[in-house]
Amino acid sequence: VPVVTTTVGGLPNIIIPDFNGIIEPPIPERLAGAVIKLMESKKWRELHENCFRMRDAFSKRTWETKIKEWIDS
């Protein structure tokens, strides 16, 4: 599911704005506006599908494979 997150913490490292979510400063009005924007977005299905692409890129299996390849090199 597309995500609304703040600029604080680790989630901004994996959220790409308008690709798989929205990043806003930790201001209640801005967060509420982002949630409304996301709910009304005609791109919601596209954002949702992009989340699956990101899930695969950040999976444990992908990281294990990449680390093993790096160690072997």
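Start with a definition: a residue is called buried when its relative accessible area is under 20%, exposed when it is over 50%, and partly exposed in between. Keep in mind that this is a predicted model.

Now the salt bridges. How many are there by the rule used here? The count is three.

Take Glu24 and Arg30, whose closest N and O atoms are 2.7 Å apart. Is Glu24 buried or exposed? Its relative accessibility is 14%, so Glu24 counts as buried.

Next, Lys37 pairs with Asp18, with 3.8 Å between the closest N and O atoms. This pair links distant parts of the chain, 19 residues apart: Lys37 sits in helix α1, and Asp18 in the loop between β1 and β2. Lys37 has a relative accessible area of 47%, so it is partly exposed. Asp18 is partly exposed too, at 43%.

Then there is Glu64 with Lys60, where the closest N and O atoms are 3.7 Å apart. Both residues are in helix α3, and because they are four residues apart, about one helical turn separates them. Glu64 is partly exposed at 37%, while Lys60, at 64%, counts as exposed.

Last, the histidine. His48 lies in helix α2, which covers residues 44–57. At 15% relative accessibility, His48 counts as buried. What does His48 touch, leaving aside residues up to four places away in sequence? The contacts are Val1 and Pro2.

Key: Residues are numbered from 1 along each chain as its sequence is written. This is a predicted model: local features need pLDDT of at least 70, side-chain atom pairs count only at pLDDT 80 or more; totals for chains, interfaces and linings use all residues. Side-chain values use heavy atoms; hydrogens and water are left out. Helices (H or I, at least four residues) and strands (E, at least two) are DSSP runs, numbered from the N terminus. Buried means under 20% relative accessible area, exposed over 50%, partly exposed in between (1.4 Å probe, protein chains only). Contact means heavy atoms within 4.5 Å. A salt bridge is a side-chain nitrogen of Lys or Arg within 4 Å of a carboxyl oxygen of Asp or Glu.
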